[in-house]
Amino acid sequence: MSSSNDRDEAPWKEIGARKRQALLDTIPKEWRIPAQLLPPADQDNVIDWPETSGWFTDEELAITDLTTSELLPRLASGDLKSEVVTKAFCKRAAAAHQLTNCLSEICFDRAITTAKARDEHLARTGEPVGPFHGLPISLKDSFYLRGLDATVGFTSYVGDAAKSDSALAELLEAAGAVFYVKTNVSTAMMMAESLNNVIGRTVNPRNRRTTSGGSSGGESALVAFKGSPLGVGSDIGGSLRIPAACTGLFTIRPSAGRFPVRNTRSGMPGQEAVPSVNGPMARSIRDLQLYCQNVIGQEPWLRDPRCLPMPWRSISLAPRLKIAVMWHDGIIYPTPPIMRALRHTVAKLRNAGHQIVEWDPVDQEHGYSLLGRMFISDGGKAIRQELERTGEPWWPAMMDFCDAQELGVHEMWQLQSERTDYQNRYLDRWTAAGIDAILCPTMPFNNVKHGGLRHVVYTCVFNVLDYSCLSFATGLYVDKNIDRPEPSYQPLSEGCEAIHREYDAEFMHGLPISLQLVAARFEDEKVLAMGERVLAALASDNPDLSGQTAHL
């Protein structure tokens, strides 16, 4: 490792500073928040700032309040002009960045030019361009957009502009989408918080002293702030589900092969023992369904050889689902808000007639061990070589990569054989139990203060298994008067004791609580359909969720 003096003289600091300034300079003056309207630096909650600041017009607020499912029919009919919608989201995204530091790239000029072309096409032909006609869609930094960087948090990649668009971007744009921003990530996309030396730290608009998660934390902050109606991130260990849970959003981690990954940048190129997948993040489960159905309807296997020729399927669920609840993972017991949400959801599902059984977490720790060993199997070389190019230091959360020893080919083959045995064993247990899904936490906590997000076992095991996963907002929020430490709590480990010691009900009061629903491999359609059933059960006494199930 480099000495502190070497790091002080290294170019990474100057590169990062120049990149951050250049990003701010791309925001037009009319979309820079006037100094007198900026919330104080110590104002934690800025989620409602657009509505209370007086800086947005009523039309801009009305447009950005709409979900994707509400926007698309109005854009397709011409009732809303894409140029007007795009400008509204550009302005709100600009505000989101100034308040949460969520963007990595801005291409407002490209967006407005595209939006005008969408409006012209509709006026001339009477037909929308495609299923995403005129819709602004934000992309995680790892997706290539021509002329823009895709640094994935490395200062060494600053200035390495993409020469072409990612396959997914090409597909979405051909289907009518409008690209306007890319969003911030963690260094190499290998930390559960969005923090790097290029853009810095992204914060949560619901409480800026808490994390927006990672590595798709720029997306979660932007979508939660309503600076994007629909964002696309990626997930290799929880990088979609954790940010969604931190901000109270909905996301799906699909099985590998459903969505194109061609021509995207990885923090560890060639690491394929655990596949990285991409998927949508939105404010409603209906938006996830709409995105998945329409992307797969564009036959992505014709653009990416890794995509399976598997059309989106119509799902007919049994009236009574069999859902296994995993109360804990055997390592970290969930904090009080998560346990309350689990118990509440289980009770609602039972009342709705669904069968609830318990899932033994006996295999979770082994799955976590497998993921960790596969991630560092190159001895951290892929990440190290990029850090060393500009003298970047290692983040404390990445020291496992820094200290790792490279595996030989035979050792790697043995590790992958162990992974296959694990997948077989888990499938046999699932099949023997005859379950439709597992209900469990997305994280052992609802959120944490910056630097405190650790323990990704609840998500990452299902990456090793390549199962279809939904992280969903329960409609519940932390209540400091209810979500107090339980007298009967007994820690499962030292880490468990530490996490519960750090839990602060007063600080977390009012923040959303999410859970995770897991289906078997390639059951992406089913996990969304089952998610709607769960939300329908929860909506029986929660009007905030009624809109999620209005079309059932």
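## The buried area between the domains

Between domain 1 and domain 2 about 4800 Å² of area is buried, and carbon and sulfur atoms give 62% of this area; buried area here is the accessible area, found with a 1.4 Å probe, that two parts lose on being put together, summed over both. The size of an interface is often given in this way, as the accessible area lost when the parts come together.

This is a predicted model, in which local features need pLDDT of at least 70 and side-chain atom pairs count only at pLDDT 80 or more, while totals for chains, interfaces and linings use all residues. Residues are numbered from 1 along each chain as its sequence is written, and side-chain values use heavy atoms, with hydrogens and water left out.

## The two domains

Domain 1 covers 11–30 + 57–302 and domain 2 covers 323–547, with bounds that come from an automatic or database domain assignment. Their centres, taken over C-alpha atoms, are 24 Å apart, and 59 residues of domain 1 are in contact (heavy atoms within 4.5 Å) with 58 residues of domain 2.

## Salt bridges and the domain 1 side

Three salt bridges are found across the interface of domain 1 and domain 2, each being a side-chain nitrogen of Lys or Arg within 4 Å of a carboxyl oxygen of Asp or Glu. Asp 524 and Arg 258 form a salt bridge in which the closest N and O atoms are 2.9 Å apart.

On the side of domain 1 that touches domain 2, helix 10 (241–247) is among the elements that supply at least two residues, and helix 10 gives the most, with six residues; helices (H or I, at least four residues) are DSSP runs numbered from the N terminus.
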